[in-house]
Structures are given as C-alpha cells and as structure tokens.
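Good morning, everyone. Please take a look at the sequence and the model on the screen. I will talk you through them.

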Amino acid sequence: MWGIYLHNLLDSFPFFLKGLWVTIQISALSLFMSTVCGFFLGIIRSTRTRSINIVLAAYVDIIRGTPFLVQIFIVFFILPEWGIQLDAFTSAVLSLTIYGTAYICEIVSGGIQTIPRGQTEAAVSSGLTWPQQMRYVIVPQALRPILPPLVGQYVLMIKDTAVVSVIGLTDVTRVGWFTVQRIPEGILVFGLVGILYFLICYPLVWFSNRLETMLSTEKSGLG
Amino acid sequence: MLKTFNFRVIFEMMPQFLHGLGNTAWICLVALIGALLMGIISCVMRLSGKRLISFPAVAYIEMIRSTPLLAQLYFFYFGLPGLGIPLTETQTGIMALSLNSGAYTAEIIRAGIVSIPKGQLEAATASGLSLFQRLRYIILPQAIGVTIPALLGQMIVLVKDSALLALISVFELTRAGQLMASERFMPAEGFFTTAAFYLVIYFVLKFLSQQWQKRLIFQQDR
C-alpha cells in the first residue's frame with residue numbers, strides 16, 4: 001500500500017513546491033514589513049514618551065495575548081464588514097505584519113535599553129541630533145542583543161504562516177491538507193510538509209544559535 | 001463600527017463561550033503537565049553527555065522547533081488512524097500540544113540547569129548522591145525556581161497555541177467564536193469575545209510571571 005501512496009505523493013510533489021513558494025512569498029513580504037515597522041516602533045518606544053508608550057504597550061499586549069488564529073480571523077472576516085475588502089493573500093500578509101511588528105518592537109526596544117546611558121549622553125554632548133544619535137551610536141550597538149532573538153522571531157513567523165492556510169491560501173500546509181484527502185496517509189503527507197518547513201527553518205534556528213554564541217563571546221572578549 | 005455590535009447575542013452565547021473556556025483551561029493544564037514531563041526527560045537526556053542518549057533528544061527538540069504546530073497537529077490527526085491508533089480529537093490535540101511545548105520547555109529547563117553553579121553539582125556528586133537523587137534534591141529544585149517566569153511565558157504560548165485545536169474540531173474558545181460566526185453570521189461579536197477571553201488569561205499569567213520575577217530579585221538581594 002505504502003508503495004502506491006509514495007508513488008502518488010511523488011506525483012503531486014510539484015504542488016508541494018508551488019505551496020512552498022506561496023509560503024516563502026508570504027514569509028518574505030511579512031518578515032520584511034514587520035522588521036521595518038518593528039524597528040521604527042521599537043526605536044520610538046525606547047524614547048520613553050509616556051503617551052506613545054501607553055499606546056504601544058497596549059498594542060503589544062493585545063497582539064501577544066491573543067492567538068494568531070483569532071487575529072487572522074478578525075482581519076479576514078471582520079474588516080469586510082466595515083467595508084474594507086481584502087483578498088486572502090493581502091489579509092495574510094497584513095495580519096502577519098501586525099503580529100510580527102509587535103514582537104519585533106519589543107525585541108528592538110529591549111535591545112536599545114541595554115545600551116548604557118553614557119552612550120546617549122556622549123552622543124548628545126557631541127551635538128548629534130536625535131536621528132543621528134540613533135543612526136550612528138545607539139542602534140549599531142543595540143544590534144548585538146537584538147539580532148539573535150530577531151532571527152528566532154523570524155523562525156516563529158515562518159512557522160506561523162502555516163496558519164494562513166485556514167483562510168484558503170494554498171500554502172504548503174494547505175497543499176498537504178488537500179493531498180491527505182486523496183492519499184489517506186497523514187504520516188507520509190505531513191511528514192513531507194514537515195520536511196519542507198524543516199529545510200527552511202532549521203538553518204535559521206542554527207544561525208540564531210550561532211549568532212548568540214558569536215556575539216556573546218565577542219562581548220566577553222571586549223569586556 | 002460599534003453601532004452594529006450586538007451585545008445581547010454575546011450574552012445569549014455566553015454559556016458556549018464559558019464551556020469553551022473551561023475546555024481550553026483543562027486541555028492546557030493537561031498539556032502543560034505533559035510538556036513538563038517531556039521537557040524534563042528530553043532535557044536530562046540531552047545533558048547526559050552520552051551521544052547515544054542525547055541524540056534522540058536533540059533530534060526531537062530540533063524537529064519540533066523547526067516545524068509549525070499546525071503541521072504537527074495534522075500529522076497526528078491524519079496520521080494516527082492509519083497506524084491503527086484511535087484517539088479522539090481532544091486526545092490528539094493534547095498529545096500534539098504536549099510534544100510541541102515539551103521541546104520548548106526542555107530548552108527553558110536546560111537554561112535553568114546551566115545557571116546552577118558547577119560547585120553544587122560537584123558537591124552533590126561528592127556526597128554520593130545518585131543521578132536521580134541529584135536531580136530530585138539538588139538540580140531540579142534550583143532550576144525550576146529560576147525558570148518559573150519563562151515557564152509561565154511558555155504557558156501563555158501554550159494557551160494561544162491551543163486555539164489551533166479548533167481546526168480539528170475540538171470545542172474550545174476559538175471554536176465557540178467560530179460557531180457564533182458561522183451560525184449567527186456574527187464574526188465580529190464572536191471573534192472579539194474570543195479574543196477578550198484570551199486576553200484575560202494572558203494578563204493573569206503575565207501578572208503571575210511578574211510577581212514571581214519580583215520575588216526572585218528580592219531573594220537575590222538578600
């Protein structure tokens with residue numbers, strides 16, 4: 001039996017690759033957008049302006065406190081009720097971006113907080129404007145604590161793209177779901193889906209761990 | 001937008017939501033216990049220092065961490081019946097959640113164990129304690145205390161992940177919202193109510209985590 005199923009599965013392999021391509025597109029777009037927005041909001045959050053901070057903290061808490069599945073349902077089913085029509089792909093990218101931005105914002109503002117006050121004071125007394133302080137002094141130094149968790153967050157987001165299959169996007173999980181209706185061997189089908197995700201995510205997990213050891217030894221070498 | 005928001009229907013559906021909340025709560029508690037067991041076992045195996053024992057644990061942890069929970073859930077949901085293992089949807093869900101969360105818990109506990117000073121282990125070994133005794137009396141009591149905030153964080157993740165069980169038709173919070181969306185055609189009311197319940201759980205767990213963190217800092221100061 002398994003021989004036939006395996007044969008069928010190999011026949012439908014091109015569909016899996018197509019699904020993988022959708023997964024990669026959604027991941028790349030939303031990773032890029034949430035990195036940009038996350039850095040922007042994270043830098044703003046680290047300035048400790050009270051009113052902005054309350055709003056940002058509430059945003060982060062709401063995103064972190066609810067499942068991504070519920071968020072994507074809200075974007076996909078409720079925005080149309082308010083007259084905003086989005087197709088599945090746009091909804092997926094939008095909700096992933098909103099979701100990822102909240103986490104990256106926290107990572108960035110946390111990283112900036114580890115920079116000693118003296119650095120800011122030195123930058124101010126050198127006559128740098130606030131954007132210059134951030135651009136040349138604070139953010140480059142903060143990248144060291146930011147990068148490892150940022151890559152870790154990328155892995156989490158790529159895995160969370162699997163959830164967008166529920167609003168009808170044919171990503172690789174959805175392809176698996178279709179295939180398992182024809183080839184009733186979940187172990188085979190979702191084993192293959194798992195392998196495809198593993199091929200993307202594992203190098204990133206490895207890279208994140210590597211960054212962590214690399215950056216931390218560098219730190220102790222300097223200290 | 002709030003003009004059309006129908007609170008009456010939310011109250012009407014409240015028993016369903018509470019039922020879902022109860023299911024979410026007990027499913028997560030059972031899965032948490034499973035995750036702790038899996039975490040402790042695989043972490044001890046990983047730190048054993050013997051290749052033959054540590055490799056399966058490393059493979060398990062890395063495989064789980066590099067694949068989405070939804071794919072794992074479908075893997076068991078569609079795969080187990082083919083192997084002749086009849087589990088209900090809820091049991092499948094609890095199993096997938098435990099295995100998934102166990103891998104992350106293992107990493108958290110490992111961080112806790114690594115944080116224990118080497119002298120403690122040496123003293124324990126020198127006192128002639130067996131591996132089990134060292135774990136039971138020296139290592140785990142110290143490791144667990146430090147890791148409680150991280151474990152509560154993992155609990156938050158677990159609660160949110162349990163929303164995916166709605167996709168294999170387990171009746172929990174998200175499923176209750178979905179039902180309201182499909183039966184009453186009120187997605188806004190359904191999903192916002194669901195989100196509100198999750199937020200309550202989140203804030204409770206976050207508060208506990210912060211309290212514990214304060215306690216830890218206080219202990220260190222003394």
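Some ground rules. This is a predicted model, where local features need pLDDT of at least 70 and side-chain atom pairs count only at pLDDT 80 or more, while totals for chains, interfaces and linings use all residues. Residues are numbered from 1 along each chain as its sequence is written, chains are lettered from A and ligands numbered from 1 in the order in which they are written, and side-chain values use heavy atoms, with hydrogens and water left out.

Chain A comes up now. It has nine helices and zero strands. Read along the sequence, the pattern of chain A is α-α-α-α-α-α-α-α-α. The C-alpha trace of chain A spans about 75 × 50 × 25 Å along its principal axes. Of the 223 residues in chain A, 48% are buried. Buried means under 20% relative accessible area, exposed means over 50%, and partly exposed is in between, using a 1.4 Å probe and protein chains only. Now contacts, meaning heavy atoms within 4.5 Å. Take the contacts in chain A with a separation of 6 or more: 78% of them join residues 24 or more positions apart.

Chain B next. Here we find eight helices and zero strands. From the N terminus on, chain B runs α-α-α-α-α-α-α-α. Its C-alpha trace spans about 70 × 50 × 25 Å along the principal axes. Buried residues are 45% of the 222 in chain B. Among contacts in chain B between residues at least 6 apart in sequence, 75% join residues at least 24 apart.

Let me check one helix. How far apart are the end C-alpha atoms of helix α3 of chain A? They are 22 Å apart, which agrees with the 22 Å that its 16 residues, 50-65, should span at 1.5 Å a residue. The expected span is 1.5 Å times one less than the number of residues. The buried residues of α3(A) are A:N53, A:L56, A:V60, A:D61, A:I63 and A:G65.

On to the core. In soluble globular proteins, nonpolar side chains tend to be buried together. A nonpolar core here is a set of buried Ala, Val, Leu, Ile, Met, Phe, Trp, Tyr and Cys residues joined through side-chain atoms within 4.5 Å. Which members of the largest core touch the most other members? Out of 102 residues, they are A:F16, A:I26 and A:V164. The largest share of this core comes from α5(A), with 12 residues. Another core lies apart from it, with 14 residues, including B:C43 and B:Y104. Beyond four places in sequence, A:I26 touches A:F89, A:A92, A:V93, A:L96, A:T161, A:V164 and A:L169.

Also in helix α5 of chain A is A:T97. It counts as buried because its relative accessibility is 6%. Leaving aside neighbours within four places in sequence, A:T97 is in contact with A:S30, A:M33 and A:S34.

Now the largest pocket. It holds about 2,000 Å³ of space. Of its 47 lining residues, the closest to its centre are A:Q153, A:L156, B:Y104, B:Q154 and B:V157. On a 1 Å grid over the protein atoms alone, a pocket is an open set of points where a 1.4 Å probe fits, with protein on both sides within 12 Å along at least five of seven lines; lining residues have an atom within 4 Å of a point. Volume is the space filled by probe spheres set on the points, and grid points are joined across faces, edges and corners. Which helix gives the most to the lining? That is α7(A), with eight residues. By class, the lining has 23 nonpolar, 13 polar and 11 charged residues. Asp, Glu, Lys and Arg count as charged; Ala, Val, Leu, Ile, Met, Phe, Trp, Tyr, Cys and Pro as nonpolar; the others, Gly among them, as polar.

Last, chain B close up. B:F78 lies in helix α3 of chain B. Its contacts include A:W177 and A:F190. B:S169 sits in the loop between α6 and α7 of chain B. It is not a glycine, yet its phi is positive, about 55°. At 37% relative accessibility, B:S169 counts as partly exposed.

Definitions and conventions. Helix = DSSP H or I, 4+ residues; strand = E, 2+ residues; numbered from the N terminus.
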